[in-house]
Amino acid sequence: MALDDIRARIRAAEAAAGRPPGSVTLIAVSKLQPADRVEAVLDQGQRVFGENYVQEAQRKWPAWRARWPEVALHMIGPLQSNKARAAVELFDAIHGVDRASLARRLARVAQETGRAPQVFVQVNTGAEPQKAGVLPAEADALIEECRQLGLNLAGCMCIPPDDADPRPHFQLLREIATRNGLSGLSMGMSADFETAIAEGATHVRVGSAIFGARPTERPG
């Protein structure tokens, strides 16, 4: 099965990098996937999932979590400030904190709700204008602001450019995290997660390699 194959490849990549088994968390990215595919992966024991859209996750996951209460849900990618409350209430980790205004909003909501999801600062390592993420030169300041706000800061996240060698981007993210005393590295997807593990990834985000191709349109 696809999930078993990905798990085996993660274990092999951990071993090749001299890292202990289980040092990498597999996030199964289930955005836009049909319910039967997600339930099949849940039945195989996967318990960490990633979603890109708050409204989609709100529709899908309450019923599944009632059946599988140990599921951890990660918000992957850009988050609008007006959805910050819903994200804090639903997700256990938020991987797309890319600006101070969002960090401040999340901190206020966390204080009001008493929930403190893990936070990953998203760094636009390729400085791509169409992509979310703080620029590398501004990452240290945003990380410090997240600390001052008392957010549950776990690490950094990146999505390398599609047409680039991902390794230098993973190395850059690791350097930023290391100099800021952060251990979490959310990096690596279906096509490059083994390279990411070699460069220190603690969380890899794998979707199509587990579930198959997904519909392309965004849910309303």
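The model is predicted: local features need pLDDT of at least 70, side-chain atom pairs count only at pLDDT 80 or more, and totals for chains, interfaces and linings use all residues. Residues are numbered from 1 along each chain as its sequence is written, and side-chain values use heavy atoms, with hydrogens and water left out.

**Overall fold.** The protein chain contains nine helices and eight strands; these are DSSP runs (helices H or I, at least four residues; strands E, at least two) numbered from the N terminus. Its radius of gyration of 17 Å is close to the 17 Å given by the globule rule for 220 residues, so the chain is as compact as a globular protein of that length. Here the radius is taken over C-alpha atoms, and the rule is 2.2 Å times the number of residues to the power 0.38. The C-alpha trace spans about 45 × 40 × 30 Å along its principal axes. Of the 220 residues, 50% count as buried, where buried means under 20% relative accessible area, exposed over 50%, and partly exposed in between (1.4 Å probe, protein chains only). The accessible surface comes to about 9800 Å², with 49% belonging to carbon and sulfur atoms; areas come from the Shrake-Rupley method with a 1.4 Å probe, and for residues only the protein chains shown count as cover. Among contacts (heavy atoms within 4.5 Å) with a separation of 6 or more, 61% link residues 24 or more positions apart.

**The largest pocket.** Rolling a probe the size of a water molecule over the atoms shows where empty space is left. A pocket is an open set of points on a 1 Å grid over the protein atoms alone, where a 1.4 Å probe fits, with protein on both sides within 12 Å along at least five of seven lines; lining residues have an atom within 4 Å of a point. The largest pocket holds about 920 Å³ of space, the volume being that filled by probe spheres set on points joined across faces, edges and corners. Its lining has 37 residues, of which K31, N52, I76, I159 and M189 lie nearest the centre. Two or more lining residues come from each of α3 (54-67) and β8 (203-206), and α3 gives the most, with three. The lining divides into 17 nonpolar, 10 polar and 10 charged residues; Ala, Val, Leu, Ile, Met, Phe, Trp, Tyr, Cys and Pro count as nonpolar, Asp, Glu, Lys and Arg as charged, and the others, Gly among them, as polar.

Beyond its neighbours within four places in sequence, N52 is in contact with V29, K31, M75, I76 and P78.

**Loop residues.** Most residues other than glycine have a negative phi. L32, in the loop between β1 (25-29) and α2, has a positive phi of about 65° and is buried at 14% relative accessible area. A127, between β5 (118-122) and α6 (136-148), has a phi near 50° and is partly exposed at 46%.

S81 lies in the loop between β3 (72-75) and α4 (84-90) and is partly exposed, at 26% relative accessibility. Not counting residues up to four places away in sequence, S81 touches R99, L102 and R105. Its C-alpha is 8.1 Å from that of L106, 25 residues apart in sequence.
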